[in-house]
Amino acid sequence: AEGRELLSAPRIDAPTLRDLLDSDAATVIDVRGATEYAAGHLPGSRNIPLGYLARRIDEVPVYGPVIVHCQSGTRSPIAASLLAAHGRRNVRDFTGGIDAWRGAQFTLDHAAEPATALATR
């Protein structure tokens, strides 16, 4: 309506995401809350809760790929849209989130994020 380009984030499934994680080919952003993240998260993912994503946008690479995910797939499309609005063009949405990851019987990490990531909150 405002003459802006309409963008959509490609969606990926759990096996595709696992391959990307194995090759270190993407930045993975977990947009769930800190408590959810602490209960189990994708290996190598960074926790930037959806409510903080706009103010922490500088932590997200401009050139991707960037994968966003949440618990079940309801918050991550919002995150993908927000990232696109801030100039991130290589964003993908992991459909199904942690629930799909568990459903594929892939392992979760329970280690805390590095102190440098936590210090920016």
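The model is predicted, so local features need pLDDT of at least 70 and side-chain atom pairs count only at pLDDT 80 or more, whereas totals for chains, interfaces and linings use all residues. Residues are numbered from 1 along each chain as its sequence is written, and side-chain values use heavy atoms, with hydrogens and water left out.

Strands of a sheet pair through backbone hydrogen bonds, either parallel or antiparallel. Strands (E, at least two residues) and helices (H or I, at least four) are DSSP runs numbered from the N terminus, and two strands pair if DSSP finds at least two bridges between them.

Strand 1 pairs with strand 5 (residues 91-94) over two bridges, and Arg11 stands opposite Asp93. Strand 2 (residues 27-30) is joined to strand 4 by four bridges, with Val28 opposite Ile67. Strand 4 also pairs with strand 5, over three bridges; there Val68 stands opposite Asp93. From strand 4 the chain passes through helix 3 to strand 5 in a right-handed β-α-β crossover (clockwise from the first strand over the helix to the second, with the strands pointing away from the viewer).

Strand 4 (66-69) is covered on both faces: Val66 and Val68 on one side, and Ile67 and His69 on the other, are all buried (under 20% relative accessible area, with a 1.4 Å probe and protein chains only).

Conventions: Buried means under 20% relative accessible area, exposed over 50%, partly exposed in between (1.4 Å probe, protein chains only).
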